[in-house]
Amino acid sequence: PALTKAESAQKREREREKRKRFTMLAKWIAVVGMLTFGTVSSIMSKINFEVKGLNLDGKLVPFHKPWFCVLVMFIGMSGCLAIYVAPLAWEAACGKRRRINPPPSRRSTGDNGAPDLGPAGDSAYLESLLAKDNGGGGGGGDDADEPPLDPPSCNCSQVTQMLMIAIPTAFDLIATVLMSIGLLYVTVSIYQMMRGAELIFAAIFSVLFLGKKLYKLHYCGIALALIGITMVGTASVLGPEQNNTGTKQEQILGISLIILSQAIQAGQICFEEHFMKSMDFMKPTLVVGLEGLFGVLMQALIVLPVAQELPGGDFGGKLENTRDSLHMIACSKDHVILVALGFTAVVMLFYNVLGMQVTGHLGALFRSILETTRTLLAWIVGLALYYGNVTLYGDPIGEAWDNYSYLQLAGFVILVTGTLIYGHGDSRPAPHDDYTILGSERSHRHLSSSGSATQAISIGTAANRVDPSPNVSFTPSSMSRLNAYYDFGSVSRSQQMNNYLAGTETPNIIVSQ
């Protein structure tokens with residue numbers, strides 16, 4: 001029997017409430033998952049260097065292979081390609097099944113209470129359907145129910161831009177290797193906090209090379225970030241040496257390499273901001289996956305073979321001996337190195353995917369706050385592991401609390417404050433549009449009014465874009481460096497999300513998986 005208007009309204013309301021509950025659950029899963037996998041990836045980044053295996057001389061040594069670990073990170077990123085391709089393959093398969101087995105005609109039958117048309121009525125009903133589907137034409141065919149899908153088009157310009165992702169991937173590769181080497185000599189918490197130096201370099205480069213303009217809040221944020229980073233680095237150098245860190249000189253070297261890596265990534269941001277503004281036709285999962293694929297190719301075909309030939313401190317006097325790395329992976333007890341590296345790659349894949357969902361659900365500003373929380377959680381977990389007497393090969397895992405940890409904590413608070421103040425430097429009415437980097441209150445009101453703030457964003461074909469004002473400053477704290485385990489994100493993804501937040505682009509909306 002047909003539903004009354006009141007019953008139909010109640011049914012729609014129940015469905016709406018069910019969707020709201022589902023979306024809220026998806027939000028919580030994305031937030032908790034991102035914090036969990038982000039914290040685990042930070043801890044694993046250090047543990048990977050502490051696991052041991054037999055080298056080519058048969059000695060049990062730690063797996064101090066930063067170049068090879070970068071390859072593992074790129075492998076984890078490339079998994080986003082599978083996530084991008086899977087729904088496309090599913091849609092293609094479903095479309096093919098629909099064409100082979102067309103759905104039954106949606107005519108009324110006696111089973112649902114409507115009058116049965118009978119054989120003559122069936123014929124007339126089918127003829128009317130064919131006339132509607134074919135624009136009044138007389139012929140049908142097997143594909144009359146659903147027109148054939150147009151093959152996806154990809155012009156030469158888009159292919160060129162996809163290949164250009166290899167350039168920021170090279171930036172990332174160099175920066176990541178430097179960070180990995182620095183991580184050998186410092187604790188996880190110091191490593192995470194020192195990466196805040198990227199904000200300072202990005203601000204300087206954006207003014208020098210992109211002609212951006214900074215305001216008072218930007219300068220205040222930069223000053224606080226500089227003070228915070230200085231306090232954190234000082235606490236690391238003055239504090240007592242720990243089991244999983246190097247000597248004082250090695251710690252200074254590690255901190256210097258991490259800061260240098262942030263300067264390289266800031267240069268990458270400026271490059272992407274200037275040369276890769278028109279990549280909005282690509283979804284974030286495709287961009288991350290292509291970065292991972294290009295990174296794997298660069299590492300396997302260029303970087304690792306070159307490191308095999310250059311002189312250094314690894315086995316055989318090499319910069320990094322890949323043969324020794326593979327031998328240690330194969331000959332480690334219970335394959336502990338293989339398990340650790342494989343687990344790290346999977347964790348980083350999930351961290352990437354959940355991070356995208358958080359950005360789509362709650363915006364870049366909330367994502368930046370979660371990244372700060374991730375750094376704090378990694379420090380807390382490290383302390384818990386140390387004082388929980390968790391050991392690896394008899395040596396404690398994590399880091400201890402000492403008198404200089406108070407200085408580190410104060411520096412961390414100042415660094416976070418400076419980052420947030422810098423992020424709000426553009427929170428002023430724009431002369432031409434509502435564009436802001438971190439998503440201003442007006443932008444979030446736009447999301448709420450459109451009803452899509454509770455959805456995950458899947459960027460499809462972009463609408464006509466409106467470029468932001470050239471005087472608007474650029475901050476790396478939005479989404480550009482918040483995506484991957486080693487901050488492999490790109491401004492192309494940041495630009496896509498920010499264009500949507502500003503209302504200058506029309507995205508395709510999908511429900512979070």
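His335 has a relative accessibility of 42% and therefore counts as partly exposed (between the limits for buried, under 20% relative accessible area, and exposed, over 50%, with a 1.4 Å probe and protein chains only). The structure is a predicted model, in which local features need pLDDT of at least 70 and side-chain atom pairs count only at pLDDT 80 or more, while totals for chains, interfaces and linings use all residues. Residues are numbered from 1 along each chain as its sequence is written, and side-chain values use heavy atoms, with hydrogens and water left out.

His335 is located in the loop between H11 and H12, where helices (H or I, at least four residues) and strands (E, at least two) are DSSP runs numbered from the N terminus. Although not a glycine, His335 adopts a positive phi of about 55°. Asp334 is found in the loop between helix H11 (322-331) and helix H12 (336-362), and a positive phi of about 55° is computed for this non-glycine residue as well. Asp334 is exposed, with a relative accessible area of 65%. Most residues other than glycine have a negative phi.

The chain contains 16 helices and six strands. Of its 513 residues, 48% are buried. Contacts (heavy atoms within 4.5 Å) between residues at least 6 apart in sequence join residues at least 24 apart in 78% of cases. The accessible surface of the chain is about 24500 Å², with 64% belonging to carbon and sulfur atoms; such areas come from the Shrake-Rupley method with a 1.4 Å probe, and for residues only the protein chains shown count as cover.

Helix H8 (residues 216-238) comprises 23 residues and reaches 33 Å from its first C-alpha to its last, close to the expected 33 Å at 1.5 Å a residue; the expected span is 1.5 Å times one less than the number of residues. Its buried residues include His218, Gly221, Ile222, Ala225 and Gly228. Among the elements that cover the buried residues of H8 are helix H6 (188-194), helix H7 (197-210), helix H9 (248-275) and helix H14 (405-423). In helix H5 (residues 166-183), the end C-alpha atoms are 25 Å apart, in agreement with the 26 Å that its 18 residues should span. Helix H5 is mostly covered, with 14 of its 18 residues buried.

Val31, in helix H1 (residues 5-47), is buried at 11% relative accessibility. When residues up to four places away in sequence are not counted, Val31 touches Val358, Leu362, Phe366 and Leu370. Val31 and Leu370 are separated by 339 residues in sequence, but their C-alpha atoms are 8.0 Å apart in space.

The structure holds five salt bridges, each defined as a side-chain nitrogen of Lys or Arg within 4 Å of a carboxyl oxygen of Asp or Glu. Arg16 forms one with Glu13, the closest N and O atoms being 2.4 Å apart. Because these two residues are three apart in helix H1, Arg16 and Glu13 are separated by about one helical turn. Arg16 is partly exposed, with a relative accessible area of 36%, and Glu13 is likewise partly exposed at 36%. A salt bridge also pairs Lys65 with Asp324, with 2.8 Å between the closest N and O atoms. This pair links distant parts of the chain, 259 residues apart: Lys65 lies in the loop between strand E2 (60-62) and helix H2 (66-100), and Asp324 in helix H11. Both Lys65 and Asp324 are buried. In helix H13 (residues 364-387), Glu371 and Arg374 are three residues apart, about one turn of the helix, and their side chains meet in a salt bridge (3.3 Å, N to O). Glu371 is buried at 9% relative accessibility, and Arg374 is buried at 1%. Salt bridges that share partners join Lys65, Asp314 and Asp324 into one network.

Eight aromatic pairs are counted, for rings of Phe, Tyr and Trp (its six-membered ring) with centres within 6.5 Å; planes under 30 degrees apart are stacked, those over 60 edge-to-face and the rest tilted. Phe63 and Phe68 form an edge-to-face pair, with 6.2 Å between centres and 90° between planes. Phe63 is buried at 0% relative accessibility, as is Phe68 at 9%. Tyr386 and Tyr387 also pair edge-to-face, at 5.1 Å centre to centre and 80° between the planes. Tyr386 is partly exposed at 29%, and Tyr387 is partly exposed at 49%. Ring pairs link Phe201, Phe205 and Phe209 into a cluster.
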